[in-house]
Structure formats: structure tokens, C-alpha cells
Amino acid sequence: MLFDLPDHDTLYRALLKRDARYDGQAYVCVSSTGIFCRLTCPARKPLSENCTFRATIGACIEAGFRPCKRCHPMQAAAAGDPTIKGLLDALDERPDRRWSERHVAEMGYDLSTVRRSFKRHFGMTFLEIARQRRLREGFETLADGGKVVTAQHEAGFDSPSAFRAAFARILGCAPGDLSRDGLLRASWIDTPLGDMIAVASQTHLHLLEFVDRKALPGELKRLRAGAKGSIGLGRTEPVEQAAAELGDFFAGHSAAFGTPLHQEGSAFAREVWSELRAIPAGQTRSYGQIAQAIGKPSSVRAVARANGANTIALLVPCHRVIGADGALTGYGGGLWRKQRLLEIERQYRAERRDMAMEAGEAKAPAAGSAL
């Protein structure tokens with residue numbers, strides 16, 4: 001769960017008061033209607049005995065409830081937060097600025113409110129997002145063949161050592177350690193859920209992770225060792241394909257991924273990763289169900305380890321794995337991302353259902369026809 005839910009009576013009182021403090025952190029599932037709502041929903045309040053409370057949208061969905069059409073709990077709460085919108089708009093206008101708390105305060109925002117809002121919705125502070133954006137500018141300068149000092153200035157770093165340290169925190173090495181003609185190439189992909197690092201050869205994608213994943217430096221270190229240090233910067237065809245497919249995914253056009261992948265791992269891990277790719281968008285599986293599917297029902301813990309060792313996010317959808325009780329479980333990219341991904345993929349599940357219904361109607365005999 002994202003946090004420990006208060007007791008039923010506390011949450012029911014919050015529902016009656018439409019207490020915004022719980023918005024995005026707790027949802028009410030109403031057994032008499034089969035829907036789930038935000039606690040701030042303007043609809044008439046249900047009886048206490050008809051209410052159960054869950055910490056995530058994913059848990060509500062897995063329990064069989066559908067989203068309310070009045071409070072739209074499936075929409076990202078961040079989109080309706082004026083503090084978040086105002087600061088992200090300002091960041092888009094000045095991505096090169098070395099943002100500080102002083103800048104935020106001068107815009108009239110309360111620092112503690114900003115910190116809580118961004119941590120709740122994005123798992124990181126506004127200043128961390130701003131630093132990540134600046135570093136991306138430097139990364140792309142290097143990928144285009146620019147010098148390290150030029151990349152440093154593009155990223156808004158006054159100190160070469162500070163730029164190298166920030167770069168190393170993500171990639172696990174200094175800019176100068178990257179090969180100019182590496183067998184593998186690292187590049188940056190922008191998504192609505194945050195920036196991602198992709199590493200690929202000319203033929204296969206080897207890694208795709210969110211840049212704030214704590215395990216990323218270690219994963220890149222293992223890739224460099226396997227490639228004998230031969231990792232450079234730049235886009236290859238597999239990365240271009242992955243970026244295009246991710247764009248279609250987030251735009252709601254397609255949940256199909258055909259980018260050729262290469263992942264180092266044991267035969268067991270590769271079997272688990274293959275099973276992950278077989279989970280349709282809009283559906284989830286538990287670790288136990290995956291263990292059953294691969295014919296090793298007693299290997300639930302090993303399945304969990306293999307799931308956590310996946311280095312190609314989204315395309316190998318480890319975010320579709322939840323707890324046996326329907327709760328969201330750990331995710332290297334952050335539980336807030338996992339929840340949002342499951343929300344996004346609900347539309348693909350609905351589309352498949354609608355297509356199946358249309359196909360069934362097309363096959364049904366016309367009225368009055370012979371059976």
C-alpha cells in the first residue's frame with residue numbers, strides 16, 4: 001500500500017466532510033452501487049456499512065469496482081492541483097534555471113505544501129524534478145557530440161565537478177568514461193511519467209529504466225562490464241522504435257510493444273520475463289499465478305526476485321504484478337508510477353471488451369433469420 005490506512009470510522013468521517021487531505025491516498029468502494037470514488041466526491045454519501053476503503057486505485061479495480069463518473073478517480077489528481085500545474089508550467093518555460101526554494105517562495109507558494117504535493121504525486125520533490133530536467137539538457141548535448149564543458153553549461157552547472165557527480169549518480173560513471181564508439185548506446189526518453197534511460201545495441205534494447213530508479217547505476221555498471229566498458233551516447237534503431245511505441249502507449253493508441261529485446265539472466269528469470277510479456281494490458285497477475293503459469297508453483301519468491309530484476313520497464317510489464325490480496329506491491333519505478341500505469345491500461349482493457357462485444361453482435365443472426 002502507499003500508506004497505512006486509518007480506521008474505517010476515521011475515513012468515513014473524512015468522506016462525509018469531503019476531506020481533501022485524503023484525496024489520492026484513500027478511495028471508498030461502495031458495495032450498493034459497485035463504484036469507487038474519491039473521498040471528496042460531491043455525490044450523496046452512502047451508508048457506512050456499504051463502504052470499504054482502499055489505499056490505491058489498483059486495489060479498487062482488482063476488487064471489482066468501477067470508477068465514479070462524477071469525481072473521476074481515474075484521472076490523475078496531479079492534473080487538478082494548481083500548485084503542481086503552476087510550477088510545472090514554470091519549469092517548461094525555464095528548464096535551464098537553477099531552481100531553488102527561493103524561486104518557489106518568490107512565486108508565492110508555501111514550501112512545505114509544494115514538497116508534500118510533489119512527493120505524493122510524483123515520488124520526488126519539485127527541485128529534484130528540475131535538476132533532472134537540467135541534467136537531461138546536458139545529456140542530450142553529449143549525445144549530439146558536444147563537449148563535456150558545453151554539456152555542463154547547457155545543464156546549468158557552474159562547476160564541472162558538480163556536473164560530473166550529478167551525471168554519475170544516474171549513469172554510474174563520469175561523462176568522460178563513456179566511449180565515443182560504444183557497442184551499446186545510452187539515450188534519454190521523455191515520457192509523461194518521467195524521463196527514462198534507454199541502452200541499446202544496433203539490433204536490441206538492453207535496458208529501459210526511469211532515471212530515478214535507485215538500482216539504475218548498478219544495472220548500468222553490469223551492462224558496461226558485459227560490454228567491456230564499451231557504452232557510448234546516442235540513439236539506435238531499437239531506441240527509436242521503443243520511443244515511438246511508448247509515445248503510442250501513453251497517447252492511448254496502442255499497448256503493443258514489438259521492440260527487439262535482449263536481457264541477461266538465468267533461464268528461470270527469462271521464463272518469468274516472457275510470462276510478464278504475455279499479461280495483456282489492463283490485466284494483472286500475482287506472483288503465485290505467474291509461478292503456476294510457468295509450471296513451478298512453489299517458486300513464488302523466486303518469481304518475485306526475477307520480477308524485481310527486470311531491467312526493461314514497461315515493455316516487460318512487471319508493473320502488472322500485484323499482491324495476492326489485490327494490493328499494489330513494490331515497484332522499482334515507484335508505486336505512484338505503478339498505480340498510474342494500471343490506470344492508463346484500464347482503457348485498453350475496455351477497448352478489448354468493446355471490440356469483443358462488437359464482434360459478437362456482428363456474428364449474431366439478424367432478427368427473423370433462420371437459426
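## Close-up views of a predicted model

**View 1. Strand 5 and strand 6 pair in the antiparallel sense, over 5 bridges.** The model is predicted: local features need pLDDT of at least 70 and side-chain atom pairs pLDDT 80 or more, while totals for chains, interfaces and linings use all residues. Residues are numbered from 1 along each chain as its sequence is written, and side-chain values use heavy atoms, without hydrogens and water. Strands are DSSP runs of E with at least two residues, helices are runs of H or I with at least four, and both are numbered from the N terminus. Two strands pair if DSSP finds at least two bridges between them. Strand 5 covers residues 184-189 and strand 6 covers residues 196-200. Ile-189 stands opposite Met-196 in strand 6. Together, strand 5 and strand 6 form a hairpin with 6 residues between them. In the turn, Gly-194 has a positive phi of about 120°.

**View 2. Thr-191 sits in the loop between strand 5 and strand 6.** Its relative accessible area is 7%, so Thr-191 is buried (buried is under 20%, exposed over 50%, partly exposed in between, with a 1.4 Å probe and protein chains only). A polar atom of the Thr-191 side chain lies 2.6 Å from the backbone oxygen of Gly-194. Gly-194 is also the turn residue with the positive phi.

**View 3. An open sheet is built from 4 strands in the order 7-6-5-8.** The pairing in this sheet is mixed. Its edge strands are strand 7 (205-210) and strand 8 (231-233), each of which pairs on one side only. Strand 5 is largely enclosed by the rest of the structure, because 5 of its 6 residues are buried.

**View 4. The second largest cavity has a volume of about 40 Å³.** A cavity is a set of points on a 1 Å grid over the protein atoms alone where a 1.4 Å probe fits but cannot get out, and lining residues have an atom within 4 Å of a point. There are 2 cavities of 30 Å³ or more. The second largest cavity is lined by Leu-171, Cys-173, Leu-178, Ala-186, Leu-220, Arg-224 and Ile-231. This lining divides into 6 nonpolar residues, no polar and 1 charged (Asp, Glu, Lys and Arg count as charged; Ala, Val, Leu, Ile, Met, Phe, Trp, Tyr, Cys and Pro as nonpolar; the others as polar).

**View 5. The second largest pocket holds about 620 Å³ of space.** A pocket is an open set of grid points with protein on both sides within 12 Å along at least five of seven lines. The second largest pocket is lined by 22 residues. Glu-128, Gln-132, Ile-170, Val-211 and Asp-212 lie nearest its centre. By type, the lining divides into 9 nonpolar, 5 polar and 8 charged residues. Helix 5 (111-122), helix 6 (126-143), helix 8 (160-171) and helix 14 (335-363) each supply at least two lining residues. Helix 6 gives the largest share, 4 residues.

**View 6. Arg-66 is found in strand 4, which covers residues 66-67.** Arg-66 is partly exposed, with a relative accessible area of 48%. The C-alpha atoms of Arg-66 and Thr-33 are separated by 9.3 Å. Along the chain, Arg-66 and Thr-33 are 33 residues apart.

Methods
Points joined across faces, edges and corners; volume = space filled by probe spheres on them. Polar contact = N/O pair within 3.5 Å; in protein donor to acceptor, adjacent residues only side chain to side chain.
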